[in-house]
Amino acid sequence: MYSSQTNKCLLIDFWHSVAERESAVRGRLECLPARMSKSLRILVPVKRVIDYAIKPRVNKSQTGIDTAGVKHSLNPFDELSIEEAVRLRERKKTPVSDILAFSAGPAKCADTLRTAMAMGADRAIHVEVPEDQPLEPLGVAKLLKAVAEKEESNLVLVGKQAIDDDSGQTGQMLAGLLGWPQATQASKVEIEGETVTVTKEVDGGVDTVRARLPMIITTDLRLNEPRYASLPNIMKAKKKKIEKKTLEDYGVDGRRRLKTIKVEEPPPRKGGGKVQDVDGMISKLKELGKIWAFDVLPFPSSVSRPDGFLTLNATRSNLE
Amino acid sequence: MKESVSKFADSEVGPKVRDMDEAESMDPSVVESLFEQGLMGIEIPEEYGGAGMNFTAAIVGIEELARVDPSVSVLCDVHNTLVNTAILKWGSAAMKKKYLPKLATETVGSFCLSEPASGSDAFALKTRATKTDSGSYRISGSKMWITNAMESGVFIVFANLEPSKGYKGISAFIVEKGDRGFSIAKKEKKLGIRASSTCVVNFDDVEVPAENLLGKVGEGYKYAIGLLNEGRIGIAAQMTGLALGAWENAAKYVWNDRKQFGQLVGSFQGMQHQLAQAYTEICAARAMVFNAARKKEAGEDFVMDAAMAKLFSSQVAGRVSGQAIEWMGGMGFVREGIAEKMWRDSKIGAIYEGTSNIQLTTVAKLLQKEYTT
Ligand SMILES: Cc1cc2nc3c(=O)[nH]c(=O)nc-3n(C[C@H](O)[C@H](O)[C@H](O)COP(=O)(O)OP(=O)(O)OC[C@H]3O[C@@H](n4cnc5c(N)ncnc54)[C@H](O)[C@@H]3O)c2cc1C
């Protein structure tokens, strides 16, 4: 029976009916032994990044972004994760016994963690890592694995990416390391007992997956609207605990494997021109040599040049 | 905290500023969200549902709100620095228990001192209180210029219980909106802070129970002086926030959007020097505001500092917001952005909680006392 279920899972990609697909996933998951406690212990990794409203500037030596004296704040995707954790608690469907905010970074991460706690996290752990030697996604994932195991987390809500390096890898790596199911780019999360249903928005529709705890969910912009920390909650956050830990405590080696060769500003945008209509736009693009072929198709499709010059995904009606 | 209030102000209040000004009314959802954010009970202890923060936090909140909308800021300012503080300082245990939780979470408050015939000379007030046989008080008279009156449920009213004693007969009482004989007679149409309601309120033999006497009989004038001395720092913060908001709004425009003679208008040295001068003045005013707050917090004598801070901040606010309009040219003059509104709003800083002349009189009096040998 198990093998037939597994086979079914392998076929998932070829099925079009979501219902069919869901029942297959459920079928597979029901084979897994139930092993988690009933309350949620949520781990929310948070990163201190340059504020989204600040225009980043490349440093003089072209090795990175100037961070000195620049306003930093909680990575917006991580705000979504914290908010979702708090909402899961407020919804009261499944009890939430712990919301743990975690950050690895310079001493100032304490501010970021305070913000997370003012939004509703119960406590925080801070692993101090020097500002000039940030961890790579794999390092963070290894660290999170150790934290999740030690703290007995059964749900990790992680931003789909950090707005500074845009790596977008940590959640997936963590799922791989832990061997837990993952649902990426969540726009909706529902938890009933140990069953988690996650919706993500895809081109032209939504994609719903279901899995069982423990699991990893990466959060996307449409998930919720994060609250502003209220003054009473800011005060309460001052009394919450930030535990200081080191990489060694978790047996993680923070050495980097990648070397940044050079960081450059994007070329300044040249002024645009105006075209009258779709035909005008197409001929302008052709004239500029920006597209290699362009057919206006009756249905949505992609037109791209092998060297990736420009990809258009368009029909005449949606261009007009 | 500053960041949180600033974010809240930008995204929740910002989009409504223009409409509220045009409509000359406060959007109830803004008031509701001020309560949700804890901005209406900044200094109220946690046990009463407040944030349990200090005076400086209130100043920071008032300033951040004013950066976006001075009308919303003054609603928060009067409520926190005059009404909440009065009850916190002089209210009985029962009064605190009854009113503080409401004031922290759902009911706006007003401070009623000025009258048609008594402005700068506040203690010439004519509103009378009489004690009834049952021990309750009956209040009768008319108050003018009452901020928040349209939104408020709780009014602190200064009335003279023993006119023969002059200002020493003034006592303070709590009146509720629903009390019989209480009415709002007129809502003023104003030059600035138009979303903040300012009304004439009448007290027509309003009867309040004995326990609604705030503090002690005959001490009302002391409370009013004390509250206004502190409250002034709040108004000063409203003015520095306003100046900063006006300056930032114009700076963004001249340094990013508007080009003339082939370059951004903010790159002309004539403009740059004005922007730099204005920013320097704002910083000086802010230093005065936070120094006054610090002294108050430390229990030092701060009366002169508060008076100077309010005087100077309102002058800077007027100057900078006026210049900001000029820096933006025609775009500063139209009722689209916030430039012209900030300038209109700045004028009130020189009037309420003591006009500029009254601040100068206070400063001069204290200086003269110190330098008279
Ligand atoms: C929008 C708004 C909101 C307000 N909110 C409130 C509120 O919530 N509660 C409240 O109680 N009051 C409130 N006030 C009243 C405010 O505090 C008074 O307007 C202020 O104290 C000035 O009084 P007045 O308007 O009667 O002016 P006046 O006292 O008539 O002053 C007129 C002019 O004479 C000058 N002057 C007066 N006396 C002297 C002097 N001795 N030496 C030199 N010059 C002098 C003044 O500086 C001023 O230039 C508000 C007023 C406004 C406009």
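A side-chain N or O atom of B:Thr147 sits 2.7 Å from a nitrogen atom of the ligand. This is a polar contact, meaning a pair of N or O atoms within 3.5 Å; within protein, one must be able to donate a hydrogen and the other to accept it, and residues adjacent in sequence count only if both atoms are side-chain atoms. The model is predicted: local features need pLDDT of at least 70, side-chain atom pairs count only at pLDDT 80 or more, and totals for chains, interfaces and linings use all residues. Residues are numbered from 1 along each chain as its sequence is written, chains are lettered from A and ligands numbered from 1 in the order in which they are written, and side-chain values use heavy atoms, with hydrogens and water left out.

## Around the ligand

A polar side-chain atom of B:Thr355 is 2.6 Å from one. For B:Leu113, a backbone N or O atom lies at 2.9 Å. On its own the ligand exposes 970 Å², and the protein buries 64% of this area. Such areas come from the Shrake-Rupley method with a 1.4 Å probe.

The shell holds 16 residues, and B:Ser114, B:Ser120, B:Trp145, B:Thr147 and B:Thr355 are the closest. A residue counts as near if one of its heavy atoms lies within 4 Å. Seven shell residues are nonpolar, seven polar and two charged. Here Ala, Val, Leu, Ile, Met, Phe, Trp, Tyr, Cys and Pro count as nonpolar, Asp, Glu, Lys and Arg as charged, and the others, Gly among them, as polar. Strand β3 (residues 137-147) of chain B gives the largest share, three residues. Strands (E, at least two residues) and helices (H or I, at least four) are DSSP runs, numbered from the N terminus.

## The sheet of chain A

Chain A has an open, mixed sheet of nine strands in the order β9-β8-β7-β10-β6-β1-β4-β5-β11. Two strands pair if DSSP finds at least two bridges between them. The edges are β9 (205-212) and β11 (242-245) of chain A; each has a single partner, so one side of each lacks a neighbour in the sheet. Direction ignored, neighbouring strands are turned by 30° against each other on average.

| Strands | Sense | Bridges |
|---|---|---|
| β5(A) and β11(A) | parallel | four |
| β7(A) and β8(A) | antiparallel | six |
| β8(A) and β9(A) | antiparallel | eight |

A:Ala124 bridges to A:Ile242 in β11(A). A:Val189 bridges to A:Val198 in β8(A). A:Thr208 in β9(A) stands opposite A:Thr199.

## Helices and loops

Helix α3 (residues 76-91) of chain A packs on the sheet, touching β1, β4, β6, β7 and β10 of chain A, at about 145° to β6(A). Contact means heavy atoms within 4.5 Å. Helix α5 (residues 137-150) of chain A lies across β1, β4, β5 and β11 of chain A, at about 150° to β4(A). Axes are lines fitted to C-alpha atoms, for helices over the stretch in contact, and angles run from 0 to 180 degrees between N-to-C directions.

Most residues other than glycine have a negative phi, and most peptide bonds are trans. A:Lys92 has a positive phi, near 60°. A:Lys92 lies in the loop between α3 and β4 of chain A. The bond from A:Leu213 to A:Pro214 is cis, with omega near 0°. A:Pro214 belongs to the loop between β9 and β10 of chain A.
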